[in-house]
Structures are given as C-alpha cells and as structure tokens.
Amino acid sequence: MGRQKGEGARSKSRPSSSSLAASLLPSGSAAAAVGFGGFVGSSRLDPPSSSEDSLPFADVDSEIAVHLKRLGRKDPTTKLKALAALSMLLQQKSAKENVLVVPQWAFEYKRLLLDYNREVRRATHDTMTALVTSVGRDLAPHLKTLMGPWWFAQFDPVSEVSQAAKRSLQAAFPAQEKRLDALILCTTEIFMYLEENLKLTPQNLSDKAVASDELEEIYQQVISSTLLALATLLDVLICLQEERPGFENVTTEPKHASKARVAAVSFAEKLFKDHKYFLDFLRSQRPTIRSATYSVLKSLIKNMPEAINDGNIKTVAGAILGAFNEKDPTCHPSMWDVILLFSRKFPNSWSSLNIQKSILNPFWIFLGIVAMVPTRFHIQLRFYSWTVCHLNLLEGISFFLNFSRTCGWEGKLLYL
C-alpha cells in the first residue's frame, strides 16, 4: 500500500531538520549520519536486552564505552579521569567511530551539566569540544537533542565553565551566523528544555544520595542559569537585528528568524503565565535567582510589553516597583534596570498602587543603605531617571528634600 498524503508527508522540496542542521555545521568527516537512536527528546530510552552491558553501548568503541560508563559514578575524581580519557580517545578515533558515541554522550552531557563539581562541568565542555571537532556535520541529527543543554551551559555562574561551554559551541559553529541559525533551528527544543528546568526542585534534582547543601547550591545554579539563558534567548530571537547580544556582527536576517520569533513569543507568554509572572523566583531567598529574575522581566518588558495587560499589571507593578525591599547589593544593578524600563514603558502603572506604602517607604530604607556606600553613587543617580517619569505622582519638592536628607546631601542637591 502507498503512503497516505497529509501533514505528515514531507514535501520533496523541503529539507529535513537534520539536513538543515548539517548545512550549519562545518564539514569535517565522511561518516554516515545516524539517527537519534535510543532517545526521545533529551531522555534516554534503553532498549530491552538480555545483557545489561549491551544496553546503550552495542555500537560504541569498547574503550570509549568503558569511560562513558564511568561518568555515572558519584565521585568527581572518577568523572574527571573518565572525561580526560574520553577527550584523548575522541581525538585519536575516527569520525566514523566517534559519531556512534553521540547518542549516549547526549544523555551523559545533560546530566553532567548539573554536577556539583565545577571542574567536572568544565571538563565536560572540553570533551564536547573534542567530540564536535571530530564528527563535524554528523552532529546534525543530534543537534536538537543537544542544543537546549548546550545553550543553558553558556550561562554557568562559574566563568571558566561558561567560557569552556562557549568554546565548545564555537568549535561546532565557528561563524556567528551559523550559531544564530542553530539557535533558530532548535528554538522549540531549547524552550522545552528551559521550561523543564524551571519545574525542578532541590528534591527532584538528583536520583542519587546528595548532601542537602550541595542540592541547594545545584538548584540555585540551575534556576539562575536557566533564567539568564531564557532572558538572553528572548533578546536574541525577538530583538531588533542590531540589538541581538552576541550576534551584533550578523548583518542579514536569518532565513527562519520570523518563525522562531513567533515560537519565542508563544513560549515566553506561556512561561510568564505558568510561573505567575516569575514572582516566586523574585521572592526567592537566593540572590542569584532574584538577580536573574530581574533580567528575565527586563527582557520580557523590552521585547514583549503586550504580555503585561490590564489583567496582570497591578500584580506585576507591585512586584517590580516594590523591589526596593531588595537588600542584596549584587541584585541592585539588574533591579534598577527593570524598574527604570518598566517605569518608562508603563508610566501609569503606579495609579493602582498605594505609593507611600508599597514604594516610597521601602525606597527610603533602600536609599539610606546605598547612600552609605560611596562606590554605589551611580545607583543613587539612577534615581533621577526614575523620578522624572513620575513627578506628578510624587510629593514635589518635599520628595527631593527627603531624598537629599536620606543621602546626606542636604543643602547640596542643587549642585548635582
């Protein structure tokens, strides 16, 4: 019987996602491309077998398989030795042999990115660099499986780890245009991965016995990195061409940019709603999560102001304009950025709030704290941009007198 035509039938003139991905990767091998074998999304499905040893390693070089298995061990020393051995072997083996490693590596890679040990995470990216350099275009069928974790890893809070992640991505896609095309091609998969990360809790992060303090730190790292990855992804996919962070040298609009933009808006609106405007993250006890949340809100306000409407503006305004309760100085720059942008985009948002109680009272306390730190003079001066938007709602000259008194500038305000 012939195949029925329908939405599932592929047009002869329409390339598959694998061939599109292959066109983005530099040619570096003659190995035949293999499928996602054993994977659905980014989860491993082990095929039934009578021998446990043969589960996911049947076609993998036996020497490489030994070290892949060692990546599942708990102690970081064993993992580091296994990663170092894998990096060396991947440089020695042929691309045809190495491409068979990719499905199992994709599973291990996702898990290793959540490792507590920063050296393990850094070495993971070094191994990824060795792998993608070897297999070249044959990475294409696996790109959608890898790209979510790969993008997330660019925002690891440890600088040497995030730099190693960036080097691995650049090794696969040396040109900015190709890296942007890869993000656009994998937009849906990246958002799905980030969405799953935001559902994690310290309790479900690991299936192994891990100390509670380590789990807390891993959770903080995962959520903050995910939020920063989300904020930057929105800027890359929705922003005007010349404002894309990290892709300023890309001068032409990518082929599928408009489709990716629509998908990004749809996913972002869903996340904004499902996570209740990210307010739970904004109330987190962890400063890195709060700081990253300010960045996500800023990106949403800049790129998708329509997401804030009559139904949610009172809640959102109360959270953002009430952020002067923020005590941690590492959060203040991102906090001010979102307050200033929100005030400019929604100048009438104050009208639904009790200004004195919700905003000014915590503001005076906040300003009294930063006024005592000379190096934060720039934070004090950002205040002027903020008040210009809302002078009609404030207390006129008495407000400025309160401001100068709180900062210890009484009698000097006119000279600023």
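Student: How close do the axes of α14 and α16 come, and at what angle do they cross?

Tutor: In this predicted model, the axis of helix α14, residues 287-303, comes within 8 Å of the axis of helix α16, residues 332-345, and the two cross at roughly 25 degrees. Because angles under 35 degrees count as roughly parallel, α14 is described as roughly parallel to α16.

Student: And is that crossing left-handed or right-handed?

Tutor: The crossing of α14 past α16 is left-handed.

Student: Which residues meet there?

Tutor: From α14, the residues in contact are Ser 291, Tyr 294, Ser 295, Leu 297, Lys 298, Ile 301 and Lys 302, and they meet Ser 334, Met 335, Asp 337, Val 338, Leu 341, Phe 342 and Lys 345 of α16.

Student: What's the make-up of that contact by class?

Tutor: Sorted by class, the contact of α14 with α16 has 7 nonpolar, 3 polar and 4 charged residues.

Student: Switching topic, how many disulfides does a search of the whole structure find?

Tutor: The search finds 0 disulfides.

Student: What about Cys 186 and Cys 331, buried or exposed?

Tutor: Cys 186 is buried, with a relative accessible area of 0%, and Cys 331 is likewise buried, its relative accessible area being 0%.

Student: Which ones are they?

Tutor: The buried residues of α7 are Leu 143, Thr 145, Leu 146, Met 147, Gly 148, Pro 149, Trp 150, Trp 151, Phe 152 and Ala 153.

Conventions
Residues numbered from 1 in each chain as written. Predicted model: local features only at pLDDT ≥ 70, side-chain atom pairs only at ≥ 80, totals over all residues. Heavy atoms only, no water. Axes fitted to C-alpha atoms, helices over the stretch in contact; angles between N-to-C directions. Helix = DSSP H or I, 4+ residues; strand = E, 2+ residues; numbered from the N terminus. Parallel < 35°, antiparallel > 145°, perpendicular 65-115°, else oblique. Left-handed = near helix turned anticlockwise from the far one by under 90°. Contact = heavy atoms within 4.5 Å. Nonpolar A, V, L, I, M, F, W, Y, C, P; charged D, E, K, R; others polar. Disulfide = S-S within 2.5 Å. Buried < 20%, exposed > 50% of the residue type's maximum accessible area, 1.4 Å probe, protein only.
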